[in-house]
There are 4 protein chains.
Amino acid sequence: MTLRRLSEQEIQAELDTVPGWKIADGKLHREFQFSDFVQAFGFMSRAALLAERMNHHPEWFNVYGTVRIDLTSHDCQGLSTRDFKLARELSALVDG
Amino acid sequence: MTLRRLSEQEIQAELDTVPGWKIADGKLHREFQFSDFVQAFGFMSRAALLAERMNHHPEWFNVYGTVRIDLTSHDCQGLSTRDFKLARELSALVDG
Amino acid sequence: MTLRRLSEQEIQAELDTVPGWKIADGKLHREFQFSDFVQAFGFMSRAALLAERMNHHPEWFNVYGTVRIDLTSHDCQGLSTRDFKLARELSALVDG
Amino acid sequence: MTLRRLSEQEIQAELDTVPGWKIADGKLHREFQFSDFVQAFGFMSRAALLAERMNHHPEWFNVYGTVRIDLTSHDCQGLSTRDFKLARELSALVDG
């Protein structure tokens, strides 16, 4: 599948669909806070499954209960609909 | 740590502290249902961390959204307080 | 994708491609042994990612370093090429 | 357990026991490379279990097959023997 790089206007429209996410350094970014490492890693395990299923993997950082995620599409050197799709799925894991 | 095998009376008292769990084949048993494999495995990942921390590992079975757990203490050839402690921690993961 | 149920003859031919696996109760079965729970669960985490990517989930059991896996295809009420594909991928994780 | 901050001399001696690790920004650092995300996350799952068991959690970053780990001991605002113990256990997962 060829990924198309979204325009600034498209990115702004997509951002409205993913509360809590913002653009940082050109990437789709969100920080998640959990009560402890067990909860944080439980989230990461579910996120890993979603990412592998989409074949779209995050850049992510964890320390204890904090998980920071950055999404970008290397294939189009920018953001694609795939980034926002994964962001919506990740949000659904925690926002219920 | 030496584990002491709980008496039938003690087991009944402990069972009152872990709703959803029952004794089956002499083991402390509960079946968990999740909406899909991602949720089930997310639970298993958190459960694995708790189990490793306690150095007390479950017998468990999974298929798709179903996770069945059996706890027993090999050291005392029966049930110990450790089984009920792990059961309480596992329940807390899903019962909130 | 419609899954076709393999014939007995096809199953025997496929079995030759997955050393260590056998048919048990009509399912494709293998038992894996690891040195401890950490190694066993590390395998399970990788297996979970492969399964989710294929959207083909195992029935599996774990206790400490033992992992028993049964594969079957509910859609065709038997074994399909998908079971053998997942078996080959799981074997590759441990057989190197 | 009170953690004691290691001296520069002690750190240099400990570093000899953990090939591949170095000091970066005052933290014990190593980058691991795996063939793909499945292998990288399988490592992370095992590492998470070790970390939770030690109650000593890494700062770590992952993208696809890359895992970067930074260890430090907040309690002593520096490096302790615990950081090197976890580093040795993490190395053992991959170095065999």
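Visitor: What makes residue pairs between chain D and chain A count as being in polar contact, and how many are there?

Guide: The count between chain D and chain A is two residue pairs, both residues at pLDDT 80 or more. They carry the name because a pair of N or O atoms lies within 3.5 Å, with one able to donate a hydrogen and the other to accept it. Keep in mind that this is a predicted model.

Visitor: Which parts of chain D supply the side that touches chain A?

Guide: Helix α2 (37–54) and strand β3 (59–63) of chain D each give at least two residues. The largest share, seven residues, comes from α2(D). By class, that side has 10 nonpolar, three polar and two charged residues.

Visitor: Why are β3 of chain A and β3(D) called a pair?

Guide: Pairing takes at least two bridges, and these strands have five, so they qualify. They run in the antiparallel sense, with Val63(A) standing opposite Glu59(D).

Visitor: How much area do chain D and chain A bury between them?

Guide: About 1,400 Å², 72% of it on carbon and sulfur atoms. In chain D, Phe37(D), Phe41(D) and Trp60(D) lose the most area to chain A, together 35% of what that side buries. The contact itself takes 15 residues from chain D and 15 from chain A.

Visitor: Let's turn to chain C and chain D. What makes a residue part of their contact, and how many does each chain give?

Guide: Chain C gives 11 residues and chain D gives 11; they count because they have heavy atoms within 4.5 Å of the partner chain. The two chains bury about 890 Å² between them, 75% of it on carbon and sulfur atoms. In chain C, Val38(C), Arg46(C) and Leu49(C) lose the most area to chain D, together 54% of what that side buries.

Visitor: How many salt bridges and polar contacts are there between chain C and chain D?

Guide: The salt bridge count is zero. The rule does find three residue pairs in polar contact, both residues at pLDDT 80 or more.

Visitor: Where does the largest share of chain C's side come from?

Guide: Helix α2 (residues 37–54) of chain C, with 10 residues. By class, the side that touches chain D has six nonpolar, three polar and two charged residues.

Note on methods:
Residues are numbered from 1 along each chain as its sequence is written. Chains are lettered from A and ligands numbered from 1 in the order in which they are written. This is a predicted model: local features need pLDDT of at least 70, side-chain atom pairs count only at pLDDT 80 or more; totals for chains, interfaces and linings use all residues. Side-chain values use heavy atoms; hydrogens and water are left out. Buried area is the accessible area (1.4 Å probe) that two parts lose on being put together, summed over both. A salt bridge is a side-chain nitrogen of Lys or Arg within 4 Å of a carboxyl oxygen of Asp or Glu. A polar contact is a pair of N or O atoms within 3.5 Å; within protein, one must be able to donate a hydrogen and the other to accept it, and residues adjacent in sequence count only if both atoms are side-chain atoms. Helices (H or I, at least four residues) and strands (E, at least two) are DSSP runs, numbered from the N terminus. Ala, Val, Leu, Ile, Met, Phe, Trp, Tyr, Cys and Pro count as nonpolar, Asp, Glu, Lys and Arg as charged, and the others, Gly among them, as polar.
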